[in-house]
Amino acid sequence: MTTDIAADVFEEHRPVLLGVAYRMLGRLADAEDVVQEAWLRWSGADRSAVREPRGYLVRVTTRLAVDRLRQIKSRGETYVGPWLPEPCVTHFGNAGPDTAEKAVLADSVSLAVLVVLESLSPLERAVFVLREAFGYPYAEIAAMLERGEPAVRQLAGRARRHVDERRPRYDVDPAQRRDLTERFLAAAAGGDLAALLELLAPDVRLVGDSGGKSRAPLRELEGSDKVARFLQGAARKSVPDLTHRLLEINGGPALLVLSGGTPDSVFQLDVSGGRVQAVYIIRNPDKLRSLAAPA
């Protein structure tokens, strides 16, 4: 395999490798670093012995991501305020014959699920991502992680129980989420307290991620009255040259707010029963850089 062919093969599989690494790490910069390291391994490997390039590359990427996770200090000990994943622009909402597969991929990259995955061990997270998001058989996952298949099955069961117990159950209908997102935007932008209270579930949560680098609640807010009043107060604060646009972020509709053309914040909602159950706000500027270019 020539260098040019090796590069073409790697580029063909890059989206899958980024998908694995991002779900493992929750940050695009970390994921891109891992994929770049995987390329260096691939370009320097004896590729004549590789029968299945995709499997080889996913194995290398997964192991690198596990090592990276082990090196990262617990975010809960050093991060200022609540932590949310770096928002990632996706395109899972398009209709097509593989709608069911897209729904699985979208769920596996949702903010709610990625927050839960933060509490798994690196190996549990790797097994969960490879099995639940990408459908790899246990035997292949065992080979990738150099573990016995029974041990991998145990890791998978433990991870699945953990995620099922902790992740919220929300509707995934994209049309309903988009409709509520647009209505939420109108109510929040206008500081309309009554309209916000009508949209918010009584036990709604608001999670704001600023990393201590911009204004956002340093603790989760709970309850429709607290959340609505916070949003009403935020609407009264002057933001220069404010614009916004709707994007698909982490598998669902989201609102990108820009100030002078620079990303200021991302809002995303979790919806159930026609009400907003959770509001996620990402304002850490380090996590918004990838959204600076026009969608």
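These legends walk through close-up views of a predicted model. Because the model is predicted, local features need pLDDT of at least 70 and side-chain atom pairs count only at pLDDT 80 or more, while totals for chains, interfaces and linings use all residues. Residues are numbered from 1 along each chain as its sequence is written, and side-chain values use heavy atoms, with hydrogens and water left out.

**View 1. Six strands line up in an open sheet.**
Reading across, the order is E2-E1-E6-E5-E4-E3, and the pairing is mixed. Helices (H or I, at least four residues) and strands (E, at least two) are DSSP runs, numbered from the N terminus. Two strands pair if DSSP finds at least two bridges between them. Strand E2 (221–222) and strand E3 (242–249) sit at the edges with a single partner strand each, so one side of each has no neighbour in the sheet. In a regular strand, side chains alternate between the two faces of the sheet.

**View 2. Strand E6 has E1 on one pairing and E5 on another.**
E1 and E6 run parallel, joined by six bridges; look for Leu-200, whose bridge partner in E6 is Val-276. E5 and E6 run antiparallel, with seven bridges between them, and here Gln-268 has Tyr-280 in E6 as its bridge partner. E5 and E6 also make a hairpin with two residues between them, and Gly-273 in that turn has a positive phi of about 60°. How much of E6 is buried? Seven of its eight residues are, so E6 is largely enclosed by the rest of the structure. Buried means under 20% relative accessible area, exposed means over 50%, and partly exposed is in between (1.4 Å probe, protein chains only).

Val-257 stands opposite Ser-265 in E5. Most residues other than glycine have a negative phi. Is Asn-250 buried or exposed? Asn-250 is buried, with a relative accessible area of 2%.

Axes are lines fitted to C-alpha atoms, for helices over the stretch in contact, and angles run from 0 to 180 degrees between N-to-C directions. Zoom in on Arg-177, which is part of H10 and counts as buried at 10% relative accessibility. Leaving aside neighbours within four places in sequence, Arg-177 is in contact (heavy atoms within 4.5 Å) with residues including Asp-171, Gly-251, Gln-268 and Asp-270.

**View 3. The largest nonpolar core has 49 residues.**
A nonpolar core is a set of buried Ala, Val, Leu, Ile, Met, Phe, Trp, Tyr and Cys residues joined through side-chain atoms within 4.5 Å. Met-24, Trp-42 and Leu-117 touch the most other members. Several helices supply at least two residues each, among them H2 (28–43), H3 (53–71) and H6 (111–117). The largest share, ten residues, comes from H1. Apart from this core lies another, of 23 residues, among them Ala-187, Leu-193, Phe-267 and Val-271.

**View 4. Helices H7 and H9 cross.**
Their axes come within 8 Å and cross at roughly 85°. H7 and H9 are therefore roughly perpendicular; that label covers 65 to 115 degrees, while under 35 is roughly parallel, over 145 roughly antiparallel and the rest oblique. Among the residues that meet are Leu-123 and Phe-128 in H7, and Val-152 and Val-163 in H9. The contact divides into eight nonpolar residues, no polar and four charged. Here Ala, Val, Leu, Ile, Met, Phe, Trp, Tyr, Cys and Pro count as nonpolar, Asp, Glu, Lys and Arg as charged, and the others, Gly among them, as polar.

**View 5. Glu-146 sits in the loop between H8 and H9.**
Glu-146 has a positive phi of about 55° although it is not a glycine. At 59% relative accessibility, Glu-146 counts as exposed.
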